[in-house]
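Here's a quick briefing to read with the model open beside you.

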Amino acid sequence: MTVTEPIVRPGPDAPPPAPRPPEETRVALRRVAPDDIGVALGAAVAGASFAWVLYGRILPVSGWQGYLITAYASFLLLYAIATRMRLDRVAASDRVAGAVISTGAALMVGTVATVIGYVFVKGFGRMLHADFFTATQRHFSALSADGVAVGAAHAVVGTFEQMGIAIVLSVPLGVIAAIYMNEVGGRFAGVVRVVVEAMTAIPSVVAGLFVYAFFVISLGQGFCGLAAGLALSVEMMPVVTRATEVVLRLVPNGLREASLALGAGEFRTLWNVVLPTARSGLVTAVILGCARVVGETAPVLLVAGGSAGMNWNPFSGVQNSLPYFIWVNYKSPSDELNSLAWGAGVALLLIVLVLFTLARLIGGRAPGESGRRKRRRATAVAKSLTPEPTS
Amino acid sequence: MAHPPVFAPESPEFIDSPRRIVVRRTRADHAFRWTTRGVAILVLGLLVAIGGYLLYQGSSALDRAGWGFLTEDVWEPKSGTFGVRGLLTGTILVAIVALVVAVPIALTAALYITEFAPRRLRGLLTSTVDLMAAVPSIIYGIFGFFVLQPQLIPVSRWLAVNLDFLPIFEIRTIDVKARFVDSQFSSSLFISGVVVSTMVIPICCSVSREVFGQAPPGEKEGALALGATRWGVIRAVVLPFGRGGMIGGIMLGLGRALGETIAVAMIISFNTDFSFRILDGQGSTISSLIVLKYGEADTESISALMAAGLALFVLTLAVNTVAGVLVARSRSGKSTEI
């Protein structure tokens, strides 16, 4: 039923029609209004100038740190006053809180960028120098003549070998333990979970101390790369287990039930359904575990020592590694070793960055989502299976 | 041929009872179960063995030291007098300084990511936080030693001159009003704490970001519909809902700060004095004790170090357990349906 209003012709005396309400616009919560930006910029300039006046004359501060703090405080004050003059109290406190919160994010990004940028500027050139990856410290001491080849090849080799040992030891154990906790379950699984949680709390230096006292001293194995690998895997195993468990929990239960309903056994279900579904997440878990331990210094410092020359054999003799190399050389009186330490820092950061990017590329997908190549193949198969439409 | 009554719900003698479920596992399934169970037992055994070994080795040292372990400042295991009073205080002070610097930055950054950042920036910032967590601590250490330390010395000096009425900023060893004392402000607990804060920020930030992101959207929209500003939404919905997780994240950061080793060992000048004065260049941490003293390879020294490591482990374990409980509680059963 519709109600039709009688059409009334506005006579000369009729009241004017009610004004239509203005078009409603969608509120963009995450956008900053241009006039806010203008006021903020003005307040920033005013704050900087105001602090410049305050700074040398009145306040008991000196150095750029003091200036920055004064300038930021005066910026906030002026911004609050200027916004309060334009808007009500509630809106003004919103703008000021927004400014403070954005500053926090900027500080965090600034810290990361400064750390990574500074290390790269100091060490990148040295790392690109050919000797870095080919020579060792064997023929070099602080008083060597110029032109003696010196590099960190021994440290690079040691880092990769120790990482490899840690991966071989901790990844299978960690992943299978996570499978047990999530797929088999039971009361005992809860005990394992609690203990794994507890072991993530173990400080890396304590893990290193354990391997040092037990493996290096008590068993009399001496310093070696294997001991470093053991210490790193003590660190890495709980990380891998926890991350794997999270990934396995993300696999939808419906998939498992469908597989079981079709008559597959538990192992078949795990092997053909759960693990393929969680593959990208599993790879990410392992890679992030590696990134976590590759820069651990304290354990390798305690148990692997550091050789000056190349030691390919991780099972006997001291073995250098990139973190240890930095630890020994960053305060070295020799400029050459000093700059090599920065180069080693860049190499370490590069390894972390590569691992991190890999993890992002692989782990960017939800469980079960396939990559571009797999999708293309699936489309091709589907096309070949569909009969050609006959006209 | 008479069929038994298969389905007769109307009949009075029909009793509905659940079917018995019988699982018949294949041989492969049994093997799978026993293999995974065996590996889990192995992992559990390894982890318990580590804890047990620490406890066993440490307890013999604790027996020798007695209560002196908690009240003694010197570290001379060979003569039987050693204790962690000064080191424990130093560890906690470094962690507190780190939290004071890190928590405001981490929480505001987490709020920015969840509430303010445009969609595209959000992913980028999240990656940045994860990357910050992945940077090795030795990198933060050399950065702290060469870059932060020289910049923080004037700050230390300013604190010492202007805030010396607070006991923690007091200086006893040097005359701060004199010129040419800047270098004596280096290697302090304060500077170590600031360097450690760079490692606390990402942990604290990523946990609180996750928790803030789970604030119920219905209530956020309700607050907006009632005329709240973004800050109003944060204060009325996001922070109250995320409080438990936020505190949990801060405590996880505290656990990391307590166990941090190499960055502190690079900055600090090692001594075991007991002092609350963070600018005074006194005091050190348990983890740097282990790194700097492990070379004394006689049995007593090692077991004394084990006891110190055990004390550190117990401390971080307690902090992490409380944090884990807080974070888990904030995640479960708090979503609202609208």
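The notes below start with the ground rules and then go topic by topic.

This is a predicted model, where local features need pLDDT of at least 70, side-chain atom pairs count only at pLDDT 80 or more, and totals for chains, interfaces and linings use all residues. Residues are numbered from 1 along each chain as its sequence is written, while chains are lettered from A and ligands numbered from 1 in the order in which they are written.

**Where chain A meets chain B**
- On chain A, 74 residues are in contact with 76 residues of chain B (C-beta atoms, placed from the backbone, within 7 Å).
- Helix 3 (residues 89-128) of chain A gives the largest share of chain A's side, 20 residues (helices are DSSP runs of H or I, at least four residues, numbered from the N terminus).
- That side of chain A splits into 54 nonpolar, 15 polar and five charged residues (Ala, Val, Leu, Ile, Met, Phe, Trp, Tyr, Cys and Pro are nonpolar; Asp, Glu, Lys and Arg are charged; the others, Gly among them, are polar).

**Domains of chain B**
- Chain B is assigned domain 1 (27-68) and domain 2 (85-331), with bounds from an automatic or database domain assignment.
- Their C-alpha centres sit 30 Å apart.
- Seven residues from domain 1 of chain B and seven from domain 2 of chain B make the contact.
- Domain 1's side of that contact has four nonpolar, three polar and no charged residues.

**A look at B:I247**
- You'll find B:I247 in helix 8 (residues 230-259) of chain B.
- B:I247 counts as partly exposed because 18 other C-beta atoms lie within 10 Å (20 or more would be buried, 12 or fewer exposed).
- B:I247 and B:W158 are 89 residues apart along the chain, and their C-alpha atoms are separated by 31 Å.

Note on methods. Two residues are in contact if their C-beta atoms, placed from the backbone, lie within 7 Å. Helices (H or I, at least four residues) and strands (E, at least two) are DSSP runs, numbered from the N terminus.
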